[in-house]
Amino acid sequence: MSIPRISFEFFPPRDLEASFNLFETVQTLAAYQPRFVSVTYGAGGTTREITRDAVATLHKHTGLNVAAHLTCVDATREETLAIADQFAAAGVTEIVALRGDPPKGANGFTAHPQGFTSSVELIEALAEQGRFNIRVGAYPEKHPDAADSNADIDWLKRKLDAGASEAITQFFFEAETFLRFRDRCDKAGITAPIVPGILPIENWKGASTFARRCGASIPPLLDDAFTKAARDGREDLLATAQATELCSELIDEGVEDLHFYTLNKPHLTREVCHALGIKPQIPLQKVA
Ligand code: FAD
């Protein structure tokens, strides 16, 4: 089995304890020399300043290639582009450009009257500046806002044609889900890399609730297995085995890059990397 290239997603810390936790997570995972690490932008644009500061700090102090997530939610075009200016001023050259999710409790996405109305508009504006390598989200299972799954592929093509270089998928539980999606993208003439998003399952209740919300299907066997594993206190073992098996199947089918949703917890992601033969490259004490 060939060794994949990897990247990691983190979320921005909201308090001091979370900052230390993020730092520890980054220290642990930096040793695996990711292609890039990314920092999310809270739903509803709620972490605008924290994301900006976390991205700038990680960029300055870790030597990692840091990608900043940026969404269109609840901001004028000028405000959104001002954040991009701040990323650029901090030396950041990678953006994950998204339409974004509305704040909790809101009923679907509504564009700000002076804001970008879609991810495509945001990508076009960023691409025109020529300062960033732009990545976008992709949905192997129908996004809740899509008319059907073909609409997701048409829209993904528009995002890539607008200036994005690569797509990262929403998480999924079965390799077949990604492989079918990759085939359909291929048939639609999409040539940019589509990188599978992998969620090592820290907590089945949380993961399955989130999956239901974003339309990722839950295999009944997995539900059953995690319910039993949780009862016997061996959820971590099952989670490592499940994510490793998923990644192995993808690699056997020619996937070269994997993007891990770490949830700022390094343990499972590290175990899966080890199981895939990805070795830490530098002593941990030299990281960051
Ligand atoms: P889009 O791809 O623009 O839209 C999703 C789907 O809706 C499309 O595939 C298409 O079918 C349909 N659609 C949307 N607009 C149109 C239109 N105008 N015309 C036709 N069809 C349309 N959320 C955050 O808030 N912060 C983050 O940091 C964050 N990071 C993410 C990272 C990744 C890798 C992924 C996959 C998702 C992330 N999300 C994040 C969640 C994301 O914001 C939500 O899924 C959101 O609902 C869609 O954003 P998008 O840019 O992917 O949407």
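How many helices and strands are there in the protein? There are 10 helices and eight strands, where helices (H or I, at least four residues) and strands (E, at least two) are DSSP runs numbered from the N terminus. The radius of gyration, taken over C-alpha atoms, is 18 Å, close to the 19 Å that the globule rule gives for 288 residues, so the protein is as compact as a globular protein of that length; the rule is 2.2 Å times the number of residues to the power 0.38.

This is a predicted model, in which local features need pLDDT of at least 70 and side-chain atom pairs count only at pLDDT 80 or more, while totals for chains, interfaces and linings use all residues. Residues are numbered from 1 along each chain as its sequence is written, and side-chain values use heavy atoms, with hydrogens and water left out.

Turning to the ligand, 22 residues surround it, the closest being Tyr-41, Ser-119, Tyr-139, Asp-152 and Lys-159; a residue is counted if one of its heavy atoms lies within 4 Å. Helix 5 (149-161), strand 3 (66-71) and strand 6 (166-171) each supply at least two residues of this shell, and the largest share, four residues, comes from helix 5.

The protein covers 84% of the 960 Å² of accessible area that the ligand has on its own, by the Shrake-Rupley method with a 1.4 Å probe.
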